[in-house]
Amino acid sequence: MLNEKIIELGKNSSEIRELSEYGDKRKAEIGAEKVFDFSIGSPNVPCPDRVTQDYIDLIEKGDATAIHGYTPAPGSMETRKAVSSYINERYGIDCRPEDFYMTAGAAASLAITLKAVCGRGSQVIVLAPYFPEYKVFIENAEAETIEVSLDQESFQPDFEAMSEALNEKTAAVIVNSPNNPTGALLSEESLRKLSSMLMEAQNKFGTEIFLISDEPYRELVYDGAKLPLPLDYYNNTIVCYSYSKSLSLPGDRIGYIMVSPKADRRKDVFTAICGGGRSLGYICAPGLAQQVVAMNQGVTSDIEKYAENRDLIYDIIKKCGFETVYPAGAFYLFVKSPSGDGREFSERAKNHELLLVPSDSFGMKGYVRISYCVSREQIEKSAPAFRALAAEYGLVNN
Ligand code: PLP
């Protein structure tokens with residue numbers, strides 16, 4: 001017998017993917033250059049040449065059985081050593097290779113971590129707007145999603161709502177900074193407040209509450225801004241990382257989970273992560289990609305290109321009279337719908353071949369998300385379409 005709930009999940013691909021598929025169809029109909037596809041967050045900046053060369057060298061010169069062979073379930077020890085020594089050097093912490101579990105990207109990192117820290121009836125707090133797949137992974141861990149809104153000006157948590165949401169069932173809070181879809185960073189002050197609130201709740205309820213830090217955009221911070229890391233503020237932190245964006249390798253499916261060296265039950269938490277991975281069949285992340293990332297710690301693709309794109313699209317959007325907040329990181333711009341309805345805005349934009357993701361599935365209504373990891377040319381050419389859209393709302397004269 002098929003599982004009806006899972007059929008539903010399979011039927012409804014994410015709104016982002018639906019719009020992206022619509023974009024592909026439209027490009028085939030009228031030509032790719034006439035469609036301004038800002039839907040999906042797939043890096044347009046290529047991976048560094050040295051990454052490509054490492055893949056080539058490994059395949060050409062390596063031992064095929066070793067290159068394509070299984071690694072241990074949490075990943076090859078060589079890779080875990082390379083990652084931990086880089087993280088120690090960069091962040092001045094004291095982690096060990098044994099704190100790392102290599103994964104098939106941040107999605108796998110999150111699914112495993114949630115499976116590890118939740119039980120039936122647990123609750124997981126997410127800060128809205130949030131990456132829509134969190135809900136799927138939380139449900140799969142038999143837990144309930146509790147939404148706490150971010151302030152719509154600063155995109156920092158609403159701490160009153162957070163305090164009300166915390167209870168004895170709270171297993172975890174997920175944070176994501178730099179953020180998808182807002183591009184905002186969580187401030188030091190917010191992390192301090194959040195940490196003291198979580199510590200207080202742990203004491204009050206006699207439970208463990210994990211801070212799951214979803215960090216696929218950790219490297220994508222612009223203008224020399226310093227990114228405060230949850231790890232530095234709260235001991236029971238689990239980091240979910242991915243090389244999808246930082247090295248432009250989204251299809252290679254490679255990332256990791258790192259248990260904070262300061263976690264209260266560091267070893268047990270890691271054992272639970274191994275159990276989570278095993279239960280989901282997420283063992284032995286792609287082996288070739290593990291070897292390549294081990295050789296490229298601290299390397300990123302040309303992230304400055306995204307900062308240039310940000311300025312270009314921000315300028316267009318502001319000149320059109322739309323409301324948005326200048327993003328400090330990631331590659332998204334979160335734009336307020338002039339009508340107050342994100343879906344209506346997205347539908348209307350489609351008439352101008354502008355593909356903007358409505359914010360509804362991110363748990364906050366009234367906005368669209370623009371992914372600006374696209375060519376500079378696409379952004380430049382989209383300006384008249386944005387202007388025509390703005391004119392429909394009476395924001396500018398066309
Ligand atoms: N978390 C956030 C906030 C994301 O934006 C994404 C992908 O866009 C993921 C997780 C999943 O990343 P990955 O492709 O590495 O699985």
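In this predicted model, the side chains of Arg218 and Glu219 meet in a salt bridge with an N to O distance of 4.0 Å. Arg218 is buried, at 6% relative accessibility, and Glu219 is likewise classed as buried, with a relative accessible area of 15%.

A search of the whole structure finds 29 salt bridges, among them a contact between the side chains of Asp99 and Arg266 at 2.8 Å, N to O. Because Asp99 lies in the loop between helix H5 (77-91) and strand S2 (100-103), whereas Arg266 belongs to helix H10 (residues 266-280), this pair ties together parts that are 167 residues apart in sequence. Asp99 is buried, its relative accessible area being 0%. Another salt bridge joins the side chains of Lys61 and Asp57 (3.5 Å, N to O); these two residues are 4 residues apart in helix H3 (residues 49-61) and are therefore separated by about one helical turn. Lys61 counts as exposed, at 65% relative accessibility, while Asp57 is partly exposed, at 22%.

Strand S12 (residues 367-371) is largely enclosed by the rest of the structure, because 5 of its 5 residues are buried. Tyr367, Arg369 and Ser371 point one way from S12, and Val368 and Ile370 point the other way. Strand S9 (residues 332-336) runs antiparallel to S12 and is joined to it by 5 bridges, with Tyr367 of S12 as the bridge partner of Lys336. Strand S11 (residues 357-358) also pairs with S12 in the antiparallel sense, over 2 bridges, and here Arg369 of S12 is the bridge partner of Val357.

How values were computed: Residues are numbered from 1 along each chain as its sequence is written. This is a predicted model: local features need pLDDT of at least 70, side-chain atom pairs count only at pLDDT 80 or more; totals for chains, interfaces and linings use all residues. Side-chain values use heavy atoms; hydrogens and water are left out. Buried means under 20% relative accessible area, exposed over 50%, partly exposed in between (1.4 Å probe, protein chains only). Two strands pair if DSSP finds at least two bridges between them.
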